[in-house]
Amino acid sequence: MFNDAKAEFESRGIGIHYAVKANSNIHIPSLIQAQCLSVDLVSSGELSRVIAAGFSGEQMVFSGVGKIAKEFKQVIEKGVGPFNVEFAEELELLAHIANQQGKQVWVALRVNPNVIVNTHKNITTGAKGNKFGIDPEHAIGLYQQYYRVGNAHGFTDI
């Protein structure tokens with residue numbers, strides 16, 4: 001059953017990524033690697049564990065809020081992609097570090113769609129004013145800014 005679901009997603013160009021933060025036990029990445037899946041990372045510590053499990057950079061996505069320059073440098077060196085970007089400032093920092101290293105990176109912008117869900121106010125993630133993602137109008141401007149300059153900012157796609 002799992003192989004059918006995996007094949008169905010992959011036939012549409014959709015990858016399955018395990019969020020390492022959900023359970024960072026050192027053995028879990030090995031189990032994920034054995035299933036030929038990919039991983040979603042939020043820290044350099046998780047990066048170390050999945051490299052030890054045999055993952056290549058192309059099998060990793062770097063996400064999460066609060067990324068720092070040191071982590072960007074480590075992740076770029078390992079060839080990780082894409083980077084899920086939450087803020088304009090984060091995109092600027094990523095571009096700067098990629099340029100310093102002479103590397104190109106693949107970027108995905110996390111857009112906050114301003115969707116109101118009837119749930120507790122402290123757990124919403126897609127409404128205007130939430131800390132996650134970029135508002136659609138700003139995301140379009142960032143896309144145009146970085147797409148136009150392309151390789152000058154070290155990005156292969158955005």
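In what order do the elements of the protein run from the N terminus on? They go α-β-α-β-α-β-α-β-α-β-α-β, which comes to six helices and six strands.

Quick housekeeping. This is a predicted model, where local features need pLDDT of at least 70 and side-chain atom pairs count only at pLDDT 80 or more, while totals for chains, interfaces and linings use all residues. Residues are numbered from 1 along each chain as its sequence is written, and side-chain values use heavy atoms, with hydrogens and water left out.

Okay, the inside. Of the 158 residues, 37% count as buried; that's under 20% relative accessible area, with exposed over 50% and partly exposed in between (1.4 Å probe, protein chains only). The largest nonpolar core has 31 residues. By that I mean buried Ala, Val, Leu, Ile, Met, Phe, Trp, Tyr and Cys joined through side-chain atoms within 4.5 Å. Helix α5, residues 88-101, gives the most to this core, six residues.

Now salt bridges: a side-chain nitrogen of Lys or Arg within 4 Å of a carboxyl oxygen of Asp or Glu. The whole structure has four. In one of them, E90 meets K67 at 2.5 Å, N to O. E90 sits in helix α5 and K67 in the loop between β3 and α4, 23 residues apart. Buried or exposed, what is E90? Buried, at 8% relative accessibility, and K67 counts as buried at 10%.

Compare R12 and E8, with closest N and O atoms 2.3 Å apart: R12 is exposed at 56%, and E8 is partly exposed at 44%.

Definitions and conventions
Helices (H or I, at least four residues) and strands (E, at least two) are DSSP runs, numbered from the N terminus.
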